[in-house]
Amino acid sequence: MSKLTQGEKDSLDKIQQQAESAESGNPDATSTVDKLSAVFPSYARFDISLVKGKGSWVWDDKGNKYLDFTCGLAVTSLGHAPEKVGAKLKEQIDTLWHVSNLFHIPGQDTVASLLTANSCADQVFFCNSGAEANEAAIKLARRFHQKVKGTGRYEVITFEQSFHGRTLATLTATGQQKVKEGFLPLPAGFKTVPLHDLPALEEAIGENTAAIMLEMVLAEGGVLEVQPEFLNAVSQLCKKHGLLLIVDEVQTGMGRTGKLFAHQHYDVEPDIFTLAKGVASGFPAGVMLAKGYLREAFTAGSHASTFGGTPLATAVMAATIETMLEDELPERAAKMGEYLTGLLKEKLADTPFVVDIRGKGLLIGIECQGPVGDIVLAGQKQGLLFVTAGPNVIRLLPNLYVSKEEVDQAVDILSELIHTYAKKESGEASS
C-alpha cells in the first residue's frame, strides 16, 4: 500500500472530521453498512469506501492510497478532479444550474459544435447516460424508417457479448443473457448474432430490419476488438439494405482507444453513434450523435430528456472536450497504450496462465486461463485498482494523463500478482 504524504493525511483527516461531525449531530446516524441497508443490493460492492481522488490516485476512508486503473469504468479520463473542469463547474454553479429544454441553452451549442467539428456527425441529442444515449439511437432509427421513409422497419441487430445498457430496450439489445434474467417479457424488435459471423448476420437481415448496432471494442464482453474486415462488411450490408449503422461509443469514445472516437480507426462512418462515460469527467451526461439527414426524424415532441444538456452538464462537457483536444489526449492514449501493452507482454511472457493481452489505446484486456476475481481483490490489498471484463479477463482503464512511472508501478504490481496466482493454481492442479 502506498504511503501518504503529510498533506494527504491532513486532507483525509479533515474529511473524516467532517463526517464524524455530521454524524455526531444526528442521533439516528448509523454505520456505513447500516446506511447501505436502505439501498437496493443491486451492486456487488468491494469493501472499500473511496473519499478523495486526484489525478491517477484515490484514497479511502481509512487513509489507504490506491493507484486507480479503473477510472470509474472509463469515466474519469482526465484523472480525478481535473482543475480546468472543476473551475468551469464552480463558475457555472454560481451562475445557473437548470432550465427546461423548452428554452435555449447556449452551452448545448458549444458542446454540439465541438463534437460535430471533430466527427462525422451533424446533429446532437443530449441525455444523462450511456443507456439513454443508446435508447435514443434505437428510437431515432425506428422513427426515421417509420416516419420519414415510411417503411415500418423497427428491428435492430446486435452481437453476442455486447453491452448496451440496462433499460428494457438496451438490455434486450445487449448480447449477454445474464442482464436479461428476471425481466421477461423483453421488448420485440431485436436480434442478436455471433460477432464476426457474416453468414449469420446476413441471414438475420429481413424486411423489418432498421439498423445494425455494435461496439468497436466489446469492453464488457472481454475487451474484444471488432475485426476491420468484418466492420467493412457490416457497413456494406447497411448500404445494400438501406439500414442505419449505429456505433456504441459509450466506453470507447472520448480518446480512450487512441482516437477521439474508436470508429475513427476504421474507414467507416456510422449514421449514429453514442457517447457517455468520458464525455463529462464524472458528471452524468450522455450524447447521441447522427448524420444530418436524420434530423427530420426527431421533430418537436418526438423525444426529450428533462436533465439532458443542462447548463451544468454542458459546462462540464465543454471543459472536458476542450481539455482533451488542447492536450492531444487521444494521441497520448495511443502512445501510452502501446507502452502499457508492450510492458505487460514483456513481464507476462513467461506465464502460460495469460492467454492474450489485447485492446486499443488505454482500454486493455488480459485474458487468463481461469477466473481473475481473486487477482482483482489481491490488487486492492497492494494499492492497485482494476476490474474484470467477464470472469477470465482483467480490464485496465487508466486515465489518459497516466505517466510512465505510474504504468511501471501498476505493471510491477500486476505482474507479481498474476505470477503468484498462476503458481498457486499450478500447484493446486498438480496436487
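## Strand β17 and its partners

Two strands count as paired if DSSP finds at least two bridges between them. The model described here is predicted. In it, strand β14 (residues 363-368) and β17 run antiparallel and are joined by four bridges. Within this pairing, Ile366 stands opposite Ile394 of β17.

Strand β17 also pairs with β16 (residues 387-388), again in the antiparallel sense, over two bridges. Here Val387 has Arg395 of β17 as its bridge partner. Strands β16 and β17 form a hairpin with four residues between the strands. Gly390 in this hairpin takes a positive phi near 95 degrees.

## The two faces of β17

In a regular strand, side chains alternate between the two faces of the sheet. Strand β17 covers residues 393-396, and both of its faces are covered. Val393 and Arg395 lie on one side, while Ile394 and Leu396 lie on the other. All four of these residues are buried.

## Aromatic pairs

A pair of aromatic rings is described by the distance of the centres and the angle of the planes. The structure holds five aromatic pairs. One of them is formed by Phe125 and Phe298, with ring centres 6.1 Å apart and planes at 75 degrees, so the pair is edge-to-face. The cut-off for this class is an angle over 60 degrees. Phe125 belongs to strand β4 (residues 123-127), and Phe298 to the loop between β12 (286-290) and α10 (311-326). The two residues are 173 residues apart, and their pair links distant parts of the chain. Both Phe125 and Phe298 are buried.

The rings of Phe144 and Tyr293 have their centres 5.7 Å apart and their planes at 65 degrees, so this pair is edge-to-face. Phe144 sits in helix α6 (residues 130-148) and Tyr293 in the loop between β12 and α10. With 149 residues separating them, Phe144 and Tyr293 also link distant parts of the chain. Phe144 counts as buried because its relative accessibility is 8%. Tyr293, at 39% relative accessibility, counts as partly exposed.

## Lysines over aromatic rings

Two lysines are placed over ring faces. Lys52 lies over the face of Trp59, at 5.0 Å from the ring centre. Lys404 lies over the face of Tyr339, and its distance from the ring centre is 4.9 Å.

Methods:
Residues are numbered from 1 along each chain as its sequence is written. This is a predicted model: local features need pLDDT of at least 70, side-chain atom pairs count only at pLDDT 80 or more; totals for chains, interfaces and linings use all residues. Side-chain values use heavy atoms; hydrogens and water are left out. Rings of Phe, Tyr and Trp (its six-membered ring) pair if their centres lie within 6.5 Å; planes under 30 degrees apart count as stacked, over 60 as edge-to-face and the rest as tilted. Buried means under 20% relative accessible area, exposed over 50%, partly exposed in between (1.4 Å probe, protein chains only). A charge sits over a ring if NZ of Lys or CZ of Arg is within 6 Å of the ring centre and within 35 degrees of the ring normal.
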